[in-house]
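I opened my notebook to look up charged side chains and their partners. My entries follow the structure.

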Amino acid sequence: MQIEKYKLDEHNHSQLKDHQRKFDFISADIKDTEGILKKLIDFQVAIPSWALGTGGTRFGRFSGGGEPGNLEEKIEDIGLIHSLNKSSGAISLHIPWDIPKNASHIKALAAQHQLKFDAMNSNTFQDQPGQPWSYKFGSMQHVDKAVRKQAVDHNIEVIKYGIELGSGSLTVWLSDGSCFPGQMNFRKAFQNTLESLQAVYAALPEQWKMFVEYKAFEPNFYSTTVGDWGQSLLYTSKLGSKAYTLVDLGHHLPNANIEQIVALLLMEGKLGGFHFNDSKYGDDDLTVGSIKPYQLFLIFNELVEGMDAKGMNHANDLGWMIDASHNVKDPLEDLLQSVEAIMITYAQALLVDRKKLVEAQLVNDTVTSQEILQQAFRTDVRPLVAEARLRSGGALQPLALFRSEKVRENLIKERGKKTVATGL
Ligand code: LRH
Ligand code: MN
């Protein structure tokens with residue numbers, strides 16, 4: 001399903017007067033409106049291939065129908081999202097859920113939708129049919145070298161698919177760990193995992209990056225072998241300059257100060273990118289900015305400050321990816337909301353008066369430093385984000401157009417009500 005250009009133009013025309021009034025109002029107060037708009041236009045968020053269907057939980061899954069049944073349909077759905085917000089110009093694949101039967105065909109189809117391939121994700125947290133060795137007791141940490149080799153070979157195979165598709169990075173998330181005290185030797189598990197990651201690292205093409213994603217718990221509930229940012233940094237520091245730490249917002253213990261973790265990883269030049277989502281309890285994978293929008297703002301505030309301090313390019317030097325799963329919302333509407341939340345928060349972080357903030361910090365004027373941050377966070381930047389979309393050929397109100405064009409209803413007509421396994 002695609003939305004006709006004239007329908008998008010009609011929608012923008014009907015919204016233009018109202019938008020212009022709001023845009024003129026906010027840009028009157030902003031020093032560098034054009035600079036901020038350029039940054040927003042360049043900023044692209046990768047959509048995960050596994051978040052286009054209904055995720056569900058172990059207790060149940062309530063599919064809304066019209067979900068993609070193959071990689072082609074997943075690319076079409078992300079193409080539709082990108083045609084609406086012009087900020088979702090990349091897809092992140094998960095292998096073996098998205099093995100491209102014909103890579104050049106898939107690459108051409110993605111190009112038709114102006115989509116690039118972001119990080120490839122390996123999977124050694126599930127046993128595939130006919131797989132010689134089980135990952136029940138882990139993969140790269142496993143006491144049995146044959147299991148570790150199987151996991152290394154799988155990651156090297158994922159890199160091969162990525163090279164064919166034009167990706168430039170591999171994300172390794174290991175569910176490895178233990179469920180009970182005494183089940184495992186932490187030191188040997190670390191060393192086995194490092195040795196296995198080194199074998200994958202050695203297979204990385206020159207320009208590629210490897211992202212080591214950490215997670216505090218689940219599916220193991222006593223220890224996780226890449227359990228926090230410190231452990232991930234230990235691995236990525238020992239691996240080499242192409243290895244970076246990936247921060248999934250839902251992978252922290254309660255009340256972790258994620259913005260401080262981000263600031264320090266950036267300082268060390270070891271921050272690789274993000275899996276954006278939100279959560280109230282565990283790895284809930286909820287809509288970005290739906291539970292803790294101020295935390296997301298504080299993270300982007302550290303990102304802008306830290307990246308500018310190192311002269312980094314905001315759009316290209318880090319991996320910006322969503323990792324969410326949908327239980328009660330339409331997957332595409334949920335993703336439109338998540339991208340909007342990321343763009344709004346990035347725009348607010350760009351509004352922070354950095355010079356005044358440093359002055360306040362240097363005299364320990366905590367009241368003023370808070371006022372400076374909250375001035376930006378309390379600014380309604382939606383007209384700025386909408387203007388960036390308009391200038392990129394997108395819709396002023398993507399969600400409204402998605403609904404008025406009855407996209408889900410049309411997808412159900414095209415694909416039927418059948419429910420499609422997302423692999424998770
Ligand atoms: C693990 C994780 C990881 C993906 C998976 C789908 O919780 O965040 O990034 O491989 O979700
Ligand atoms: Mn993740």
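I counted salt bridges in this predicted model, and the count comes to 23.

I took Arg391 next. Arg391 forms a salt bridge with Glu34, with the closest N and O atoms 2.8 Å apart. I noted that this pair links distant parts of the chain: Arg391 is in helix H13 (residues 382–391), Glu34 in helix H2 (residues 33–42), and they are 357 residues apart. Arg391 is partly exposed at 42%, and Glu34 is partly exposed at 47%.

I then turned to Asp77. Asp77 pairs with Arg415 in a salt bridge, closest N and O atoms 2.8 Å apart. I found both Asp77 and Arg415 buried.

My next pair was within one helix. Asp153 forms a salt bridge with Lys149, the closest N and O atoms being 2.5 Å apart. Both lie in helix H5 (residues 145–165), four residues apart, about one turn of the helix. I also traced a network: salt bridges that share partners join Glu73, Glu76, Asp77 and Arg415.

Last, I checked Lys270. Lys270 is in the loop between helix H8 (258–267) and strand S10 (271–276). Beyond its neighbours within four places in sequence, Lys270 has contacts including Leu233, Thr236, Tyr244 and Leu265.

How values were computed. Residues are numbered from 1 along each chain as its sequence is written. Chains are lettered from A and ligands numbered from 1 in the order in which they are written. This is a predicted model: local features need pLDDT of at least 70, side-chain atom pairs count only at pLDDT 80 or more; totals for chains, interfaces and linings use all residues. Side-chain values use heavy atoms; hydrogens and water are left out. Helices (H or I, at least four residues) and strands (E, at least two) are DSSP runs, numbered from the N terminus. Contact means heavy atoms within 4.5 Å. A salt bridge is a side-chain nitrogen of Lys or Arg within 4 Å of a carboxyl oxygen of Asp or Glu. Buried means under 20% relative accessible area, exposed over 50%, partly exposed in between (1.4 Å probe, protein chains only).
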